[in-house]
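Here are a few notes to read alongside the model. Have the structure open while you go through them.

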Amino acid sequence: MISAPVFFTYLAVMAGVTYLIRMIPLVLCRKKITNRFIRSFLHYIPYAVLGAMTFPAIFTSTSFVASAIAGLITAAVLAYFEKGLLLVSASACGAVLVCELILINSGVAV
């Protein structure tokens with residue numbers, strides 16, 4: 001168990017680092033960024049980071065890789081047809097559930 005002083009030290013360091021990450025660009029870049037390359041680079045950073053964090057989690061969050069792929073395909077197809085976020089996520093969860101139940105009942109799971 002971690003002691004309270006150590007916890008609050010870690011918390012203060014984390015808060016400071018989080019604040020600095022958001023504050024430094026505001027201090028260093030006072031003018032509007034006009035370079036097209038930098039603007040397009042900054043535009044795509046959130047999508048790249050989200051993809052880099054999401055895809056490994058998709059394949060390791062279920063008991064079977066097959067159910068993870070079923071959920072991914074379900075979500076991708078519904079998102080391609082521009083369905084709502086709630087429908088996409090609920091359908092992907094449902095696909096994973098059904099796939100896992102099928103795999104467990106078929107004796108694949110030990």
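1. By class, the largest pocket is lined by nine nonpolar, five polar and no charged residues. Here Ala, Val, Leu, Ile, Met, Phe, Trp, Tyr, Cys and Pro count as nonpolar, Asp, Glu, Lys and Arg as charged, and the rest, Gly included, as polar.

2. Before going on: this is a predicted model, where local features need pLDDT of at least 70, side-chain atom pairs count only at pLDDT 80 or more, and totals for chains, interfaces and linings use all residues. Residues are numbered from 1 along each chain as its sequence is written, and side-chain values use heavy atoms, with hydrogens and water left out.

3. The volume of that largest pocket is about 250 Å³. Of its 14 lining residues, Thr 54, Phe 55, Ile 58, Leu 72 and Ala 75 are the closest to its centre. The largest share, six residues, comes from α2.

4. Ile 45 also sits in helix α2. Its relative accessibility is 33%, so Ile 45 counts as partly exposed (buried is under 20%, exposed over 50%, partly exposed in between, with a 1.4 Å probe and protein chains only).

5. What about Glu 82? Its phi is positive, about 60°, although Glu 82 is not a glycine. Most residues other than glycine have a negative phi. Glu 82 lies in the loop between α3 and α4 (85-105), and is exposed at 72% relative accessible area.

Notes:
On a 1 Å grid over the protein atoms alone, a cavity is a set of points where a 1.4 Å probe fits but cannot get out, and a pocket is an open set with protein on both sides within 12 Å along at least five of seven lines; lining residues have an atom within 4 Å of a point. Grid points are joined across faces, edges and corners, and a volume is the space filled by probe spheres set on the points. Helices (H or I, at least four residues) and strands (E, at least two) are DSSP runs, numbered from the N terminus.
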